[in-house]
Amino acid sequence: MKRNWLGLVGPGALALCFATSLAHAAERSVAQRVEQLMGQMTLEEKVGQLNQLSGKEFTGPATDKVRSMEAEIRGGGVGSMLNIKGVADTRRLQALALQSRLKIPLLFGLDVIHGYQTVFPVPLGESASWDLEAIEESARIAAREASASGIHWTFAPMVDVGRDPRWGRVMEGAGEDSYLGARIAAARVRGFQGARLGGVESVMATAKHFAAYGAAIAGRDYNAVDMSGQLLHETYLPPFKAALDAGAATFMNAFNTLNGIPATGHAGLQRDILKGAWGFKGFVVSDWGSVREMVVHGYAGDLADAAAKALTAGSDMDMESNAYASSLAAQVRAGKVALAQVDDAVRRVLTKKFELGLFDDPYRFSDAAREKAALGDPRHRQAARTIAGKSIVLLKNEGGALPLRRGLRSIAVLGPLADARRDLEGGWIVKSNAASMASLVDAVRAAAGPATKVRYAPGCDVACRDTGGFEAALQAARGADAVVLALGESWDMSGEAKSRADIGLPGRQGELFEALRAIGKTPVVVLMAGRPLIFEHVAEHAPAIVYAWFPGSEGGHAMADVLFGDVNPSAKLPMTFPRTMGQLPIGYQQYETGRPVRDEKNIVYKSAYIDAPNTPRYAFGHGLSYTSFAYRNLQVSQPTMGAGDKITLSFTLANTGQRAGAEVVQLYLRDPVASVVRPLKELKGFQRVSLQPGEERTVRFTIDRETLSFFDRRLAWTAEPGRFELMVGAASNDIRLAQAIDLAP
Ligand code: GLC
C-alpha cells in the first residue's frame, strides 16, 4: 500500500501541532514580556505588585490603617484590589494605576461564589445535584456576568472538604467527600475560566482555602487543624489537586494552622507540595489579613517577621495585611528574604496580568455594553431555576404526600421562611435580587393557579423565640387542603464566622410543627439552610420533607416546581445528616473497628453509643424521587485485574415508576484488608442517569489501578494486591448490587 507520508501526520495532527506551537510561542512571549518588565522594576515596585487592598465593602475584620489607597495605586504600590465591582469603579481605579511609572494594570478580584448578579444555589446545595455539567454552567454564567463588570478574578471555588456541620462554611463547599469534591472543584474551575484564560467572558479561579481549613477543631471557624499526613493527602488535598489540574490560575491560603504552622507560613504546603510536587505556576494570595494574623497565632514576632515568613513560605500576594507593603522591601535589604523569592512571586502575578491581556487593553473587562447585556440576560435566571430544581433533595415522601395536586381548594404556606426572599440567596452574594424574586408563597400561588386559595402566615420569625403568631398560622391551616411549612436558617446563619454549637431548628420553630400536628394538620416541610440541620421530630412525623438549602434567585419557583412535581427531584446529599449533636463528627466513611456494630440490638462491647442511635438521620448520597429505580444484573468484564488491566463494571438501571426521572447512581469501593486500614466505603464514581418511565439502560464504570489505590503508611500512592468489594447503590446506605474483584500481585 502506497504510504502517503501525510498519512502519518494527518490534517488533524498538523492542526494540533500548529496550535501547540502557537501556545508555546504565546507562553514564550509572555515570559519575555514579564522579564523585560521585571528588569525595569525597583524593589518597591515589585513589592507593590504583591499588595492587595480592599474597596470599602470589607469582607473581613476592618484593617487598623485607613490608607489613602488612591495615592498608593497611583504610586505603583498596589497590584490588586478586591471588593471593587462594576465598570465605572474598575475603570476609574484602573486609570489611576496607569498613572504609575510603569503603568502596570490592577487585577480586580471578588468573591463571586455562587453567582454575580444571578444568584445560584449556595455551593453545598449545587453540589447536591451531582450534575457536573450544570455546576460548570452555573460558574460559566457567573463568570460571564462578573467579567462584564470589570472583574478579572473570583475567589472561588472553595474546595475545602467539610465534615462538621457546626462549621458555617460547609455552605460554600461541596460537602464531605473528597472524590465528589474533586470533580466539582474541577467543574467550577472550568466554568469560571472557560476554555482558556484571557477570554473576556472568563475570570481567574481561586482554589481555596489551602489547606485543610474545613477540619477546624470542633467546627469552630479559624480554629486550629491537627491531622495525619494520611488524612491530609487522602481527603483534604485531592480537591485542590483537581482544581490545579483543571487549570486554576490562583490559590488562596487559609486562616488555620496545620499541625502548628499557619497555612500562610506553611512552606510544606505552598512550596513543597503546591509549587514543588504539583508544579503550580500560578500565584498564591493570602486570605484576608492572614499574613498579619501569624503574629496573633504566635508564629511571627511582628508584622515584618510575618511578611518574611509568609513570602518565604510561598504566599505571593498579601490581602489586606499591609505586611508586604510596609515591610517586605526592608526585609529583603536586611537579608531576611531572598530577592529571588520576591522576584518569583512578582513573576507569577505579572504572568497572569499578561495572560489576561491587561497590558494590551487594561479596560477590556470593563465594558458597559457587555455589562448591560450580561446582567440582563433572562437565560441566566432560567439556568438558576433549573439547577436549583436539581439541587433540592427529597428527603422523605410517604403516602404520596408529594407532589401536591393541582386544583386543591386551598393551600396554607406557613412558617418563617415561607415568604423569604433575601434568605433564599444565602450568604456570599455580590448583589441581592430580593426585590425581583419570588418567595415560596409567591411561587406556590403562581404554580397552583387562580382557583386555589393560598393562605400565608409566618407563625414566627426565623429566630422564633416568640410564639405569638402561632395561632394565626394554625387558623390558616385549619381550612386548608394541604399545608406546607417552611423552616430553617436565615441566610446569615451559615457562612464565614457562622459556626453553631447547636444545629437544631432555630428557636421554637419545632414547636410550630408540633402545634400543626396537634390540630391534625401535619404539614409537608420545606427546610432551608446552608448546612445539615437536626430536626428529629420533623423527620419522624412529617409525611414529606424537602431540603432546599438556599436555592438562589429562582429558588422560590424551583421549590414550587418540586412541590407540584413539575420537576422530579433527583438531588442526593453531599453531606451526612446527624440525628443528634453528640454524633458529630459523623460521615459515611466509617471504619470497621475491632468491634463493629452490626445492629442496634447488640451493642454490648461494641463501638457504639449506648444512649443514641448509631446511624445518621440521612446518609451521604441519600435523595428520593417521585419515580422508582431498579438496579439489576451487575457484571464485571473480568474477575481479576492484572498489570495494566482495566475492569468494566456494568449493570442495568430501570425506571420502574410512572414518571420520568434522573437517578445519581453511586459506585463505592472497599479494600477489606490492607497495610493501612481502609474505610468501609469510599465513593469512586457516580453518574446521573435520566430515564423515561419503563426505560432501562446499561450503566458502566471503569475500574483501574487508580480506583484501587490509597496513600500507604509512607504516603506513597499505591494499590495492594488482594480482594476488593465493588458496590453500586442509590446512597451510601442503600447499596443495591455488589461484586468482588481481585487485584493480581
Ligand atoms: C474572607 C474569606 C475568603 C474570601 C476573602 C476575601 O475572609 O475567608 O474566602 O475570599 O476573605 O473576601
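Biologist: Where is alanine 218 found?
Modeller: In this predicted model, alanine 218 sits in the loop between E5 and H9.

Biologist: What makes the phi of alanine 218 stand out?
Modeller: Its phi is positive, about 65°, although alanine 218 is not a glycine. Most residues other than glycine have a negative phi.

Biologist: Which residues does a cis peptide bond join, and what is omega there?
Modeller: Phenylalanine 210 and alanine 211 are joined by a cis peptide bond with omega of about 5°. Alanine 211 is in the loop between strand E5 (206-210) and helix H9 (229-236). Another cis bond runs from leucine 584 to proline 585, with omega near -5°. Proline 585 belongs to the loop between H23 and E17. As background, most peptide bonds are trans.

Biologist: Why is the pair of glutamate 592 and arginine 598 called a polar contact?
Modeller: Their side chains come to 2.8 Å, and a polar contact needs N or O atoms within 3.5 Å, with one able to donate a hydrogen and the other to accept it.

Biologist: Which residues does glutamate 592 touch?
Modeller: Leaving out residues up to four places away in sequence, glutamate 592 touches Arg598, Arg670 and Leu680.

Biologist: Now the ligand. How many residues surround it, and which are the closest?
Modeller: There are 14 residues around the ligand, and the closest are Thr59, Asp111, Lys208, His209 and Asp287. By class, this shell has seven nonpolar, two polar and five charged residues.

Biologist: How much of the ligand does the protein bury?
Modeller: Taken alone, the ligand exposes 310 Å², and the protein buries 100% of that. The space the ligand takes is the largest cavity.

Conventions: Residues are numbered from 1 along each chain as its sequence is written. This is a predicted model: local features need pLDDT of at least 70, side-chain atom pairs count only at pLDDT 80 or more; totals for chains, interfaces and linings use all residues. Side-chain values use heavy atoms; hydrogens and water are left out. Contact means heavy atoms within 4.5 Å. A residue is near a molecule or strand if one of its heavy atoms lies within 4 Å of it. Accessible areas come from the Shrake-Rupley method with a 1.4 Å probe; for residues, only the protein chains shown count as cover. On a 1 Å grid over the protein atoms alone, a cavity is a set of points where a 1.4 Å probe fits but cannot get out, and a pocket is an open set with protein on both sides within 12 Å along at least five of seven lines; lining residues have an atom within 4 Å of a point. A molecule sits in a cavity or pocket if more than half of its atoms lie within 2 Å of its grid points. Ala, Val, Leu, Ile, Met, Phe, Trp, Tyr, Cys and Pro count as nonpolar, Asp, Glu, Lys and Arg as charged, and the others, Gly among them, as polar. Helices (H or I, at least four residues) and strands (E, at least two) are DSSP runs, numbered from the N terminus.
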